[in-house]
Amino acid sequence: MQFKDIEGQQILANRLTEIIDSGRISHAQLFLGPTASGSLALAIAYAQYLGCENRQHFPEGSVLRADSCGQCPSCRKYAGLVHPDLHLVFPTTTTATVTSKPCADDFQEEFRSFMEEFGQRGTEDDWYERLGVENKQGMIRERDADNIIRTLGLKSYEGGYKVLVVWMAERMNVVTANTLLKTLEEPEGRTLLMLVAESRDRLLSTIVSRVQQVVVPDLGVGMSDARRAEFSALFVQWMRLLFKLNMKPLSDWVDKIAAAGRETQKLFLQYVQESLRACFLKTAAGISLGGELEFGDPKFDQAFPAMIAPRNIEQMNEALNEAMYAIERNANAKIAFMQLSFRMSRFLRKPAANN
Ligand SMILES: [Zn+2]
């Protein structure tokens with residue numbers, strides 16, 4: 001799986017390849033997003049890029065900044081999901097052919113053909129349909145836990161990273177989740193553990209706190225031009241308020257966004273995250289994601305992107321992720337947006353000298 005084959009997630013793909021190129025690879029990550037958003041495909045593309053012997057970097061202005069080559073021996077094995085250092089774990093159930101104690105190792109071939117057919121769009125329901133068990137709920141069970149331990153204890157076959165991908169990690173039963181937790185507490189050398197999940201709430205909080213989270217944007221909700229125009233106006237207004245920090249108009253702005261539904265609030269935060277990323281790429285890295293950055297206000301378009309730099313982009317991303325998380329968990333929207341505003345304001349106004 002290469003990043004170029006994943007639709008609609010180029011901004012995130014660029015962030016992921018940047019992380020790998022910079023060598024700041026976290027040994028445990030959680031890719032969080034709806035299954036059809038491409039979260040599993042992104043995790044696999046990430047591992048493939050990490051293992052690629054001939055990473056490709058594209059000229060400035062390209063949509064993707066980098067990708068795996070797709071040609072080297074490691075990439076070819078990844079393409080068929082048959083790389084000996086890639087281990088896939090996913091929920092299973094008993095089926096017509098596996099009638100007791102099912103585990104992911106019993107269904108590797110089915111899973112490969114499922115991935116081949118659905119690519120980034122395969123959902124959990126599609127998977128059960130493939131197994132012929134539409135009405136059953138799969139689990140990740142003790143035998144999977146045993147296999148995880150065995151896998152992580154093995155030496156890497158090819159001298160690189162061992163990669164364990166757990167798809168629909170929220171389907172781990174308690175025993176498996178606790179096994180995984182132990183491996184997170186005592187990470188083995190060059191091991192990359194990638195959990196792919198739709199819901200953070202159904203994972204053990206002790207697991208969530210030990211993994212680096214990668215929020216995968218939902219592609220299911222396409223953004224209409226009207227919505228985009230509405231969001232960009234809100235965005236421009238908000239960023240200006242954060243510079244001046246005038247309490248009365250800021251509080252009015254917070255009231256306005258707090259009155260929108262939770263889904264709209266989350267979408268808006270995603271929009272902000274993507275917009276800041278685009279500003280950052282434009283000014284710091286000189287990469288344009290196609291077309292000019294336009295928020296519908298020429299003065300703002302001209303001056304704002306330069307405010308987003310290495311000194312604040314990651315902190316802002318993190319603050320936005322945390323706000324999305326709070327809103328998902330039904331936090332009070334006014335408080336969440338007010339707190340977020342204060343944090344964002346601080347990061348935005350951080351003097352360039354501190355970098
Ligand atoms: Zn390669």
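Student: Into which domains is the protein chain divided?

Tutor: In this predicted model, the chain consists of domain 1, covering 3-215, and domain 2, covering 225-354.

Student: How far apart do the C-alpha centres of domain 1 and domain 2 lie?

Tutor: Those two centres are separated by 31 Å.

Student: Now the open sheet, please. What is the order of its strands?

Tutor: The open sheet has 5 strands, arranged S4-S5-S6-S1-S7, and their pairing is parallel.

Student: Which strands stand at the edges?

Tutor: Strand S4 (86-89) and strand S7 (212-215) do. Each has a single partner strand, so one side of each is left without a neighbour in the sheet. On average, neighbouring strands here are turned by 20° against each other, direction ignored.

Student: Over how many bridges do S4 and S5 pair?

Tutor: S4 and strand S5, residues 162-167, are joined in the parallel sense over 4 bridges. Within this pair, Leu 86 is opposite Val 163 of S5.

Student: A change of topic: how many residues has the largest nonpolar core?

Tutor: That core has 85 residues. Among those with the most contacts inside it are Leu 42, Ala 43 and Val 196.

Student: Which helix gives the most to this core?

Tutor: Helix H2, residues 39-51, gives the most, contributing 10 residues. The core also draws at least three residues from each of domain 1 and domain 2.

Student: What is Val 196 in contact with, leaving aside its neighbours within four places in sequence?

Tutor: Its contacts include Phe 31, Ser 39, Leu 40, Ala 43, Val 165 and Trp 167.

Technical notes: Residues numbered from 1 in each chain as written. Predicted model: local features only at pLDDT ≥ 70, side-chain atom pairs only at ≥ 80, totals over all residues. Domains from an automatic or database assignment. Pairing = 2+ DSSP bridges. Helix = DSSP H or I, 4+ residues; strand = E, 2+ residues; numbered from the N terminus. Axes fitted to C-alpha atoms, helices over the stretch in contact; angles between N-to-C directions. Core = buried A, V, L, I, M, F, W, Y, C linked by C-beta atoms within 7 Å. Buried ≥ 20, exposed ≤ 12 C-beta atoms within 10 Å, placed from the backbone. Contact = placed C-beta atoms within 7 Å.
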